[in-house]
Structure formats: C-alpha cells, structure tokens
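Colleague: Please pick one part of this model and take me through it closely. Then show me what else deserves a look along the chain.

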Amino acid sequence: MAVSMEEKLEYLGLNLSKIPTAIKKFEPLEFRVPKFYDEKQYRQYRYIPMKDIQILLSPTNRLDEIDQKYRKASPLIDYLDNKKEENILKHTTFLNMLKQVKIEDIEKVGREQTKLNKKIPFKVKFEGNYLWQIYYSENTDKYFMLVPTEDADYSAFFYLLKKQLEKKKVGKIFVPIRNVGYSKEYLRKSQFEDIENYLWLFTKEWPLIYEVYDKNDNLSIQIIGETEVYGKIKSPYKIELKSREEANQFYKLIKAMFILQTELPHYFTFKTHIGNAGEIKFYIENRKIDYESIIPWMSDEYKVGETRTREVKELIRINLNKLENLKQIVAEQEIEYLAKEKQISTFLECKKTFFGKFKYYFKYSKKKNRGEIKSKIQPEINQILERPENKIKKTRIKVKENCTLEELIDLYKEFEKIENSFKNIILDLNSLKLKRKNMAKKIENATLFIEEIDSHKKSIFEFWKYSNKDEMANLPEGEEEISMIKKITKVFDYEEDLEKFGRMMDRIQRKELSKTETDSIYIASTDLIDILNKVKNNEVLPKDIVGSLNDLKKEAIEEKILTEKDEFDIFGGIVQDMSKVSTINNKKHRELAKDKFAILDINKTTKQIGYKLSLENIIENVKKALEKVVVSEDLPVYKAMPDKLLDDKEINVFNINPEKEIQGIIKDDKSTKINFYKINLKRGVHAISFTNSIFYDNQNKTLPVGQDLSTKIIVDVAKLDMKMKEKLSFKVVCFEKEKDEFSPITIKTIRVFEYDV
C-alpha cells in the first residue's frame with residue numbers, strides 16, 4: 001500500500017508551513033576541501049549528537065568528488081522553503097526525494113542505529129555505513145551531513161531529519177567520519193602506515209585500522225583483518241588498543257618482530273594465532289611473544305646464538321681436520337692413479353711396435369716404490385692449511401643479561417657467515433668423499449688392468465703373445481658420481497593442481513567403474529552418508545530407517561517427483577529430454593544429472609526392508625569401486641568432525657580443499673571443539689574422487705572431463721598404514737549469523753591430527 005506525501009511528512013514530524021527554528025538556523029562551516037583524500041576508506045568512527053549535525057543538500061551524486069559536492073551544496077532550509085522563488089526548484093527536488101523514500105527503509109536505519117548504540121560490531125563497519133555522508137570542519141569544530149540529491153537511497157538523511165525534529169532528547173548516532181585522518185592522539189600517521197605493512201608480513205592480508213570513539217568520547221584504535229591460521233585457512237581477528245601506552249607497546253612489538261623476520265628470515269619466523277577474544281597473538285616455535293616477553297626472549301635468543309656460534313666453530317675445526325686428511329688421501333690417490341694411467345698409456349703405445357714391446361717389458365719389470373708419494377704432496381697440503389678461510393678465529397664470546405635488537409641482529413648475521421662457512425666445508429667434505437670413492441674405484445680398475453699385464457710378463461715370449469692380441473683393453477671408469485642434493489618432491493597445491501588431478505581421476509573412473517558403481521558413489525556424496533555408515537557398521541535402528549525413508553519421500557514430494565496420488569511413472573529414470581543443454585565450468589553438455597530417488601527406487605510403495613536392502617547394495621558397490629581405483633599422485637586430504645575420532649570402518653568422505661572443509665563444519669555445526677584430520681596420501685592409495693562422472697550419466701559422451709562440481713574424495717582408510725606426523729591446534733573467529741555484523745562471535749578450537757601414509 002502506497003504511503004502519501006502527507007503521511008510521510010506526518011511520520012517525520014515535519015510541517016512545511018511551520019518549519020522549526022532549529023532547522024532554519026545555519027552556521028557557516030568554513031570547511032576546507034582536502035587536496036588528497038580517499039573517500040572510500042574511513043579512518044574514524046564516532047558517536048555524534050544528532051542535534052549537532054547540520055544538513056546540506058547537493059545536486060550531485062554520492063560518487064562525485066567532495067569539492068564538487070560541497071561547492072554546490074545548500075543548507076536544508078533552502079530545500080524546505082517554498083516561498084522564495086529561487087528555492088522553488090530545490091523544494092521540488094526535496095519533494096521528489098520524499099516521494100522516493102520508504103518509511104520501512106527509514107525504520108531499518110533506526111533499528112541499525114539502536115543496535116549500534118548497544119554494541120559496536122566486531123568489524124566496526126556496518127551495512128549502511130556508506131549512506132552516512134558525515135564530514136567534519138576543523139575550522140569551526142562542526143559536523144555536517146552532505147546529502148547528494150541524485151542518489152537513490154535517502155533513508156539515512158530522513159532518519160536524521162526525523163530525529164532532529166523530535167522535541168525530546170534523541171541521543172547520538174554511530175557513523176564514519178569522512179575527510180578526517182587519524183587524530184595522532186596515540187600514534188603518528190607514519191606509524192599507522194608501518195602497522196599496515198608489518199601486519200601484512202605476518203598475516204598476508206592488509207588490515208583495516210580505525211580510530212573509534214565511544215559514547216563518552218574515549219578513543220580506541222581497532223585493527224580488523226584476516227590471518228592464516230593453518231595452511232591457507234584464514235580467520236578474522238580484531239586488535240583493540242585502548243590507550244597510548246597499549247598502542248606504543250603494540251607498535252614496538254610488531255616493529256621488532258618485523259625487523260627480525262626481514263633481516264634474519266632463516267632464523268626468525270613469527271606465526272599468528274587467534275586468542276580467546278578473537279585477538280591476534282604471535283608465536284615463534286610454540287613460544288608466545290608479547291611486549292612483556294620479547295625482551296627476555298631476545299636475551300634467551302642471544303644466548304642461543306652464542307652457544308650455536310661456539311658449536312659451529314667447533315664443528316668447523318673438526319671438519320677442517322677431516323677435510324685436510326681427505327685432501328691428503330685424495331692427493332695420494334691422484335698421484336697413484338696418474339702413475340698407473342701413465343703405465344697403461346705407455347703399454348698401449350709400446351705394443352704398437354716391435355722395439356716398444358721390449359722397452360715396456362724391461363722398464364716396468366720392477367715395481368715402483370710408493371713411499372715417496374706422501375712427501376711429494378706435503379707442500380700442497382701445507383699450502384691448503386695456510387689459506388685464511390681454513391683458519392679458525394678465536395673470538396671472545398661476551399655474556400649478556402639483556403640485549404638490544406641491534407646486538408641480536410649483529411650476532412646472528414655473524415653466525416650466518418660462520419654457518420655458511422661450515423656449510424661450504426661440509427659441501428667440500430662430501431665432494432671429497434665422493435671423489436675418494438671414485439678414485440679408489442679407478443685405482444682398483446687400473447690395478448686389475450696392470451695385474452693382467454704383469455701376469456703375462458713371466459717371459460718375453462708370453463708377454464709378446466699377450467700384447468699382440470687383437471682385443472683392445474680399455475681402462476674402466478670409476479662409478480658414476482652420486483648426487484649429494486636431496487631429491488625435490490612435488491607438493492600438491494589444491495588451487496593449482498586440482499584441475500589436472502580431477503581430469504586424470506575422471507578418466508580413470510570412467511574407464512574402471514560401471515554405471516551401478518558410479519550411482520552408488522553418488523549416493524555416498526549426498527546427506528545419506530550417515531545412514532549408510534550406520535548400516536555398514538550394523539548400528540542402524542528400525543527408527544533410523546523409517547526416519548530416513550520418510551524424509552526421502554517428503555523431499556521427493558516437495559520436488560514434485562512423487563505426487564500425493566499413486567500414479568504410474570511413465571518417465572522412469574529420465575528426468576528431461578536429451579535436447580536440454582547444461583554447463584559445467586562454462587563447458588556445455590547434454591547429459592542427465594543422477595537422481596538419488598531413482599537410484600534408490602523411492603516411490604509411494606517403498607517399504608523399510610526394500611530401502612535397507614538398497615542401502616546395503618550401495619555399500620557393497622562402493623567397496624567394489626574402491627578396489628578398482630587408486631589416486632594418481634601424492635596429495636593431502638582433510639576431514640573435519642565435531643570432537644569425534646576417525647572411524648576406519650566407515651565410508652570416509654574427505655575434502656581436497658581444507659578451506660571448504662573447515663567452512664562447512666563451522667557453518668553447520670555448533671560445536672566449539674572440532675577435530676581436523678589431515679592424511680598425506682601416497683600415489684596408489686585406494687580412493688574415489690567426486691569427479692563429474694559421479695554426478696552425471698554420460699550416455700551422449702558429452703560430459704566434460706574433470707572434477708568441477710565437488711572437491712571431495714572417498715578414501716579407504718581401513719587399508720592405510722598411517723603414522724602420526726603432527727598434532728597441533730589453532731583457533732578461528734566465527735560469527736553466529738553470517739552476514740550479520742552485530743552477530744556475537746564464537747571462538748572455535750580446531751585440533752589437527754596429521755598422518756603420513
């Protein structure tokens with residue numbers, strides 16, 4: 001029912017023929033339009049007395065520049081006055097605005113402000129905050145509202161006007177203030193910018209920072225953002241700083257952590273956790289870091305750095321000695337091998353001529369004395385020992401009770417140099433070990449070759465016969481060098497690799513699984529999984545079967561699949577004709593979606609025993625299907641459940657996407673403690689992925705290949721040999737009602753159990 005203009009004026013309490021003096025009164029604002037300001041980002045939220053806000057209307061749009069809106073703006077009285085000829089057009093504009101506004105929209109703003117007077121939302125901003133075009137004039141210390149007349153929503157303006165027309169005390173509204181920077185009461189502008197940069201490093205998300213003034217004009221800095229709490233799983237957080245001291249302590253804390261992590265990323269990496277009130281907390285190696293604990297922690301790390309420095313220097317000394325010994329051994333091996341190689345080369349050359357054979361026979365009849373080898377290479381070893389990098393500097397380690405950030409960084413940078421030197425020595429050592437092994441093999445092969453020659457030197461005639469053989473003997477090479485670099489294995493990333501994995505699994509499943517088996521897997525992908533597991537474990541009660549069957553029949557009636565009357569179904573399993581075109585991930589196809597009612601043969605006459613038998617057949621088909629299919633690569637899978645242990649006797653449905661798995665249980669389950677299982681599957685493990693062929697028949701062969709409809713997967717946990725890898729927990733902030741900024745928050749504890757297969 002349409003509301004007349006007179007009714008709206010009466011609702012507002014506005015009499016156009018008798019405008020209140022308070023509305024007529026307008027004080028100059030002397031507002032200075034800023035040169036640089038982002039109107040889309042608010043920095044300040046306040047409770048402002050509604051009676052103190054002057055209203056100006058501007059024939060502009062909300063998205064126009066502030067200088068244009070303010071330049072064209074006129075006081076509200078100009079739009080209410082219909083007596084002056086110059087205001088006739090403005091008055092008409094006001095009447096059009098009044099005509100467009102709905103009373104229910106004004107009341108919605110009122111309900112929102114009532115909630116805001118009781119509680120500031122967790123994220124500070126609220127649904128209708130963009131409607132409040134409230135500005136502050138520093139020159140006159142006045143607040144004013146700019147109302148663009150070319151907008152479509154005037155509810156906030158008329159709500160404020162209604163409140164100003166009320167004779168009683170109307171209180172305050174909570175609104176963002178435009179054209180206002182940070183007050184600098186607690187922190188400087190540069191410090192706010194630093195906090196944004198610092199928090200991005202730790203959370204991988206840009207925060208929103210507001211100065212919020214409560215009803216008593218007390219200031220708090222409220223920082224809102226999201227942070228990664230486990231892998232790519234994120235949680236909202238809120239930091240509230242209520243005093244200058246708190247703000248400065250927080251700033252110093254994250255600045256110190258930022259400097260440490262950027263200067264020494266190999267030694268210091270800080271992690272974020274969610275606290276019991278939704279605040280962010282910082283940890284390093286399971287140790288909580290806050291302003292009070294960072295100084296003793298730095299002192300402890302300084303002592304650790306000193307200890308590690310001494311230990312690494314001792315390791316350098318030990319391994320340098322090993323390196324020296326190895327260099328000597330390898331040098332001896334090289335001399336020995338070169339001698340043998342020269343002897344073999346001489347033999348191969350001498351055997352070509354008559355006199356050469358005699359020359360070789362008499363030259364190598366006596367074995368060389370190897371006793372002089374060591375003395376020949378000793379000068380080289382001494383030269384190696386005299387190199388500066390192989391000399392250990394004896395430095396005095398100073399003991400410190402407390403240390404500054406600069407001292408800690410200097411210590412660890414020096415330690416980094418020492419550690420790099422140690423790593424280089426280890427690389428040299430491993431390289432020499434490999435070289436010694438290869439040289440030993442080469443010497444062994446060369447020795448065998450020479451022994452074969454020497455075995456035919458009992459007489460000149462036997463040696464002559466041996467050296468005239470047609471077979472050309474070659475010097476066997478040493479063993480192939482073994483790589484000292486650890487093999488790099490591919491890590492599965494569901495965002496990047498799911499598409500390829502899904503295509504591979506879909507091809508395998510289309511080839512290996514029958515229609516009956518894919519139909520059964522589809523049933524396991526629905527909400528019938530709970531009743532299936534009860535039947536599988538012999539835990540089902542008659543009332544469970546009755547309840548499930550009745551729910552299915554009710555759902556079928558609601559979807560018009562069953563009618564109240566018993567009619568013969570002439571279509572059977574055909575839902576639509578083959579000319580209908582559907583799309584999956586923007587790819588067209590002409591296939592029919594699977595129908596759980598048809599698969600389970602649900603009709604008006606379906607009995608409990610028949611329904612239970614159908615469920616048992618489904619379970620058997622799932623078991624057979626799991627025997628046929630294995631995963632095509634290593635990947636982690638996830639399963640969340642409310643404080644319940646993983647049962648390997650059930651049909652276990654996991655998720656390849658951990659974020660979706662967590663979001664699903666947070667949304668649907670009220671439990672505050674959630675068990676989150678992560679299993680690192682190996683290639684070849686029995687599993688069936690919920691690919692496109694699980695959800696659609698493919699009679700026309702037009703179904704796109706892939707896993708575009710679900711990220712879930714059934715894993716045969718009973719056949720896995722699992723070993724616990726890690727146990728940990730993290731917290732996430734959850735809103736009891738989604739998309740409601742006033743909804744209370746709950747903190748849910750997620751306990752992670754990670755297994756390797």
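**A strand under cover, and other places to look**

Modeller: The protein chain has 22 helices and 21 strands. Both are DSSP runs numbered from the N terminus: helices are H or I with at least four residues, strands are E with at least two. The model is predicted, so local features need pLDDT of at least 70, side-chain atom pairs count only at pLDDT 80 or more, and totals for chains, interfaces and linings use all residues. Residues are numbered from 1 along each chain as its sequence is written, and side-chain values use heavy atoms, without hydrogens or water.

Some totals come before the close look. Of the 757 residues in the protein chain, 45% are buried. Buried means under 20% relative accessible area, exposed means over 50%, and partly exposed lies in between (1.4 Å probe, protein chains only). The accessible surface of the protein chain is about 43400 Å², by the Shrake-Rupley method with a 1.4 Å probe. Carbon and sulfur atoms hold 50% of that surface. Take the contacts between residues at least 6 apart in sequence: 76% of them join residues at least 24 apart. A contact here is heavy atoms within 4.5 Å.

My pick is strand 5, residues 142-148. Six of the seven residues in strand 5 are buried. Strand 5 pairs with strand 2 (residues 53-58) through six bridges, and the two run parallel. Strands count as paired if DSSP finds at least two bridges between them. Within this pairing, Leu-57 has Val-147 of strand 5 as its bridge partner.

Strand 5 also pairs with strand 4 (residues 134-137), through four bridges. Here the direction is antiparallel. Ser-137 stands opposite Lys-142 of strand 5. Strands 4 and 5 make a hairpin, with four residues between them. In that turn, Asp-141 has a positive phi of about 55 degrees. Strands of a sheet pair through backbone hydrogen bonds, either parallel or antiparallel.

Two other positive phi angles sit in loops. Asp-217 is not a glycine, yet has a positive phi of about 65 degrees. Look for Asp-217 in the loop between strand 7 (208-213) and strand 8 (219-230). Its relative accessible area is 46%, so Asp-217 is partly exposed. Asn-538, also not a glycine, has a positive phi of about 55 degrees. Asn-538 lies between helix 17 (529-536) and helix 18 (542-558). With 71% relative accessibility, Asn-538 counts as exposed.

Helix 16 (residues 515-524) has eight of its ten residues buried, so the rest of the structure largely encloses it. Among the buried residues of helix 16 are Glu-517, Asp-519, Ile-521 and Tyr-522.

Three strands pair antiparallel in the order 10-11-12. Four bridges link strand 10 to strand 11 (residues 280-284). His-273 stands opposite Lys-281 of strand 11. Helix 9 (residues 244-263) packs on the sheet and touches strand 11 and strand 12. The direction of helix 9 makes about 35 degrees with that of strand 11. Axes are lines fitted to C-alpha atoms, for helices over the stretch in contact, and angles run from 0 to 180 degrees between N-to-C directions.

The axes of helix 6 (residues 103-118) and helix 7 (residues 155-165) come within 8 Å and cross at roughly 75 degrees. Helix 6 and helix 7 are therefore roughly perpendicular, a word that covers 65 to 115 degrees; under 35 is roughly parallel, over 145 roughly antiparallel and the rest oblique. On the helix 6 side, the meeting residues include Ile-106 and Val-109; on the helix 7 side, they include Phe-158 and Tyr-159.

The axes of helix 18 and helix 20 (residues 608-628) come within 10 Å and cross at roughly 90 degrees. Helix 18 and helix 20 are therefore roughly perpendicular too. Residues that meet there include Leu-549 and Leu-552 in helix 18, and Tyr-611 and Leu-615 in helix 20.
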